[in-house]
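Thanks for coming, everyone. Let me put the structure up, and then we will walk through it piece by piece.

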Amino acid sequence: WQEIPDLPLFALEWLIGLGPVWIPIVMIVTAWKIWIWYIQGIFLFKVNPLLLEVRIPREITRSPRAMENALARIWTDAGETTAMNRMWQGKVRPIHSFEIASFGGEIHFYIWCWRNWKKDVESMMYAYYPEVELVEVEDYASKFRYDPKIHEVYATDWRLEPRNDAYPFKTYVDFELDKDPKEEYRVDPLAEILESMSGLEPYEQMWIQIVITQSKDKRRKKGGLWFQTESRYEGLMKEEIDVLRKETTAADPQAGPDRWKTYARVQMYRYTELIKSIDRNMSKHPFNVGMRGIYIGKPETWGPGRYFGLRWIWRPFGNAQYANQLRPRRWANPFDWPWQ
């Protein structure tokens, strides 16, 4: 600043002078992003969606592993395999939504999908759960009409915290549901969620939607050439496993309190379980996931006590001490102004 008088003016002059160089680049990049957004919007507008209600019998004897295998059928990038599909026709990967809705304590399970994927969804479900019934129904979300005089609404979505995507939360394996325990010893974390939703008053509603599509996220390969990429999912997990392993060893033999790590290895529960969970999850098909929920009630009975259950409804699956949990993305209701 002392060596260049009028530094802000000097910098502005250079910025304007180089405008013919950087403005076209910015305009081209921006135009390309707008074009992709535009053609994908046209494609999605023409998609014909449907909602299938999953009518479940009183008792299902299959392990949750059956659903994990079923989901493999819709792990696909069909529709965007070529540059023409992606950049000219605006096609995107198939999108599915698995939903639980409670209308005054009456719980329903749904699968939202595109109509041309109906046969695949039916095959997926009937192959592993032949006792269920899939029925096409009217979309409960589309037919709902919000009236601020009689409705008060809280909406939220959930994200993984406090660590990155490599760290898991509790799954059915952690609850030993991959085995076949006796009914009296079985711990089903979904029971708490369904009990909470079934306890709503007749004028209350709660919807939960889990939207998924195949994950194809890439990142630059660390240590590789500048053009080399790798699966973000796989690379992140391998990276975190290495981090955990290094925490159990001391790089410096004179490392003070950690010196014992150079000549002894003590099995620590959290390191062992974390590495096992991350390594096990690497064998699964990765999806990009968005999770959102909404609670609808009356203004006269409105309060945190009513919608708090939705905010932390996934707490039974949380493992925040050394892994991850699903927590609300925002602290307060982000949709509480009249124009929202």
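Which residue meets the side chain of Arg159 in a salt bridge? Glu161 does, with N and O 2.6 Å apart. Before going on, please note that this is a predicted model. Arg159 is partly exposed, since its relative accessibility is 30%.

So much for one pair. How many salt bridges are there by this rule? The count comes to 19. I will pick out two others.

Take Glu53 and Arg55. They form a salt bridge, and their closest N and O atoms are 3.7 Å apart. Now, is Glu53 buried or exposed? Glu53 is buried, because its relative accessible area is 10% and the cut-off for buried is under 20%. Arg55 is partly exposed, at 39% relative accessibility.

Next, Asp77 and Lys216. Their side chains meet in a salt bridge, 3.3 Å from N to O. This pair links distant parts of the chain, 139 residues apart. Asp77 sits in the loop between α3, residues 65-71, and α4. Lys216 sits in the loop between β6, residues 205-214, and β7, residues 218-220. Asp77 has a relative accessible area of 22%, so it counts as partly exposed. Lys216 is partly exposed too, with 34%. The pair also belongs to a network: salt bridges with shared partners join Asp77, Glu80, Arg93 and Lys216.

On to Val92. Where does Val92 lie? Look in the loop between α4, residues 83-87, and β2, residues 96-103. Val92 is in a loop, and it is buried, because its relative accessibility is 13%. What does Val92 touch, leaving aside neighbours within four places in sequence? The contacts are Gln40, Phe43, Leu44, Ala78, Glu80 and Trp114. Gly41 is 51 residues from Val92 in sequence, and their C-alpha atoms are 10.0 Å apart in space.

Now the sheet. In what order do the strands run? Eight strands form an open sheet: β4-β1-β3-β2-β6-β9-β5-β10. The pairing is antiparallel. β4, residues 133-137, and β10, residues 325-328, stand at the edges. Each has a single partner strand, so one side of each is left without a neighbour in the sheet. Neighbouring strands are turned by 25° against each other on average, direction ignored.

Zoom in on one pairing. Strands pair through backbone hydrogen bonds. β1, residues 49-55, and β3, residues 106-114, pair in the antiparallel sense over five bridges. Within that pairing, Leu52 stands opposite Ile111 in β3.

Helix α8 covers residues 232-247.

Ser277 is buried, given a relative accessible area of 9%. Not counting residues up to four places away in sequence, Ser277 touches Pro168 and Asp174.

That is the tour. Over to you.

Key. Residues numbered from 1 in each chain as written. Predicted model: local features only at pLDDT ≥ 70, side-chain atom pairs only at ≥ 80, totals over all residues. Heavy atoms only, no water. Helix = DSSP H or I, 4+ residues; strand = E, 2+ residues; numbered from the N terminus. Buried < 20%, exposed > 50% of the residue type's maximum accessible area, 1.4 Å probe, protein only. Contact = heavy atoms within 4.5 Å. Salt bridge = Lys/Arg side-chain N within 4 Å of Asp/Glu carboxyl O. Expected span 1.5 Å × (residues − 1). Pairing = 2+ DSSP bridges. Axes fitted to C-alpha atoms, helices over the stretch in contact; angles between N-to-C directions.
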